[in-house]
Amino acid sequence: RVQGRAGGMRALVCREWGDPTKSRAEGGVLGVEDVPAPSRVPPRGIRVRVICASLNFADCLLVRDRYQEKPALPFTPGGEFCGTVLELGAEIRTSGAFRVGQTVAGAVIGGGAMAEELVVPDASAAFVVPAGISPAVASSFPIAYGTAYMALAQRARIGPGTKVLILGAGGGVGLAAVQIAKALGARVVAVARGGDKTRACLDAGADACLDSDALHASSSSTDKSETTQSGKTGKTAPRRTFEETFELLPSATRRAFGGALADVLFDPVGGAAFSRGLSSLRWGGQALMIGFASGVIPNLPLNVALVKNVTVHGVYWGAHAAKDPNAMARCGSEVAGLLKRRKLAPKVDVSAMAPLESAHVLFRALEERRVVGKAVVVVSGQQEATRAVAGRQSSRL
């Protein structure tokens, strides 16, 4: 067992609903504990020694009891992981799909990744990490990129020349959407807040990026908010505190696409951004509702959807594990293939990496929108988490 403690391991544990952004000593609800290691590996499962686990906004909502699913207390957060295989279920041993000692990454529904050991009940939710990719990067991949690929490729069916407007593009799933849309040949206008995030969007391949702070109507704001691939930035509104209305989004979108509105809206933000995003779509466009990072669940303006013949897709990647596992497996295989062929490059915010004991710091950074890309909880040491996987591994990709 991990760290030489027979039957035991360290894990980040939530025992009551509440604030994930503080340590327990500060009144928060997350703490590192010695807990029993998982005892049984099901026939189609694998046991993994976790190197690192990446953080999603859903983890914040889970701990605060604001998510659409509610795990039983106590529980360990974390849905994305990377680590080394310790044990194989009976069917996996027979199939040869994985080997003990391989570095793998994947997703687990309901949490559990922020611990020294993890049992993945169905190994089809994991993949062998290609050589040259670090565990930190690999742990940032499964849910964010799986969600973005399912939305853009399987639901909206984008292709070469599709005009895609991506909100919240500086976060984990937003940057994933930028990269996937570009890999599929689309034209991308990204919306993100601040210079660090807009630059990250351009680095990820966006054709243009709109600073969201310049999209809110105010007496001294301006409608000149576009940053092009060349890096030239137009006039932007002064930084200030104001209501996030996104009133200027449709006109800024039309300008960024050279006079046309978007074919597809990708929205993990919700709130006013979604309402104005619908108005940024052409007649017959498609809206992909990914989540509500703004904390506001928007009312769907059905009059806009009716008049513009807009199709609205709800995309909840995790539900496919129970409702349509074949679609989830197909999605995972296809998007992992893009990673293997180096078509995708998950971004880890190196300033947002911390050990289990400091995980609350990452939760706070994520809630305060300070993370560019993904935040990563390091379970087995920073050096191991950031070292690229060496050599060739037998791969299921």
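**Exercise 1.** Which element gives the largest share of the lining of the second largest pocket?

Solution. Keep in mind that this is a predicted model.
- Start with the pocket itself: its volume is about 550 Å³.
- Next, take the lining, which is made by 25 residues. S124, A125, A126, M328 and A329 lie nearest the centre of the pocket.
- Then list the elements that give two or more residues: strand 7 (126-128), helix 4 (142-155) and helix 11 (325-340).
- Helix 11 gives the largest share, with eight residues.

**Exercise 2.** How many residues of the lining of the second largest pocket are nonpolar, polar and charged?

Solution. 
- Sort the lining by residue class: 18 are nonpolar.
- Five are polar, and two are charged.

**Exercise 3.** How many residues of helix 4 are buried, and what is the phi of the residue that follows the helix?

Solution. 
- Buried means under 20% relative accessible area.
- By that cut-off, 13 of the 14 residues of helix 4 are buried. The helix is thus mostly covered.
- Now step past the end of helix 4 to R157. The phi of R157 is positive, near 55 degrees.

**Exercise 4.** Why does L302 count as exposed?

Solution. 
- Locate L302 in helix 9 (residues 302-307).
- Recall the cut-off: exposed means over 50% relative accessible area.
- L302 counts as exposed because its relative accessibility is 57%.

Technical notes. Residues numbered from 1 in each chain as written. Predicted model: local features only at pLDDT ≥ 70, side-chain atom pairs only at ≥ 80, totals over all residues. Heavy atoms only, no water. 1 Å grid on protein atoms, 1.4 Å probe; cavity = no way out; pocket = protein on both sides within 12 Å on 5 of 7 lines; lining within 4 Å. Points joined across faces, edges and corners; volume = space filled by probe spheres on them. Helix = DSSP H or I, 4+ residues; strand = E, 2+ residues; numbered from the N terminus. Nonpolar A, V, L, I, M, F, W, Y, C, P; charged D, E, K, R; others polar. Buried < 20%, exposed > 50% of the residue type's maximum accessible area, 1.4 Å probe, protein only.
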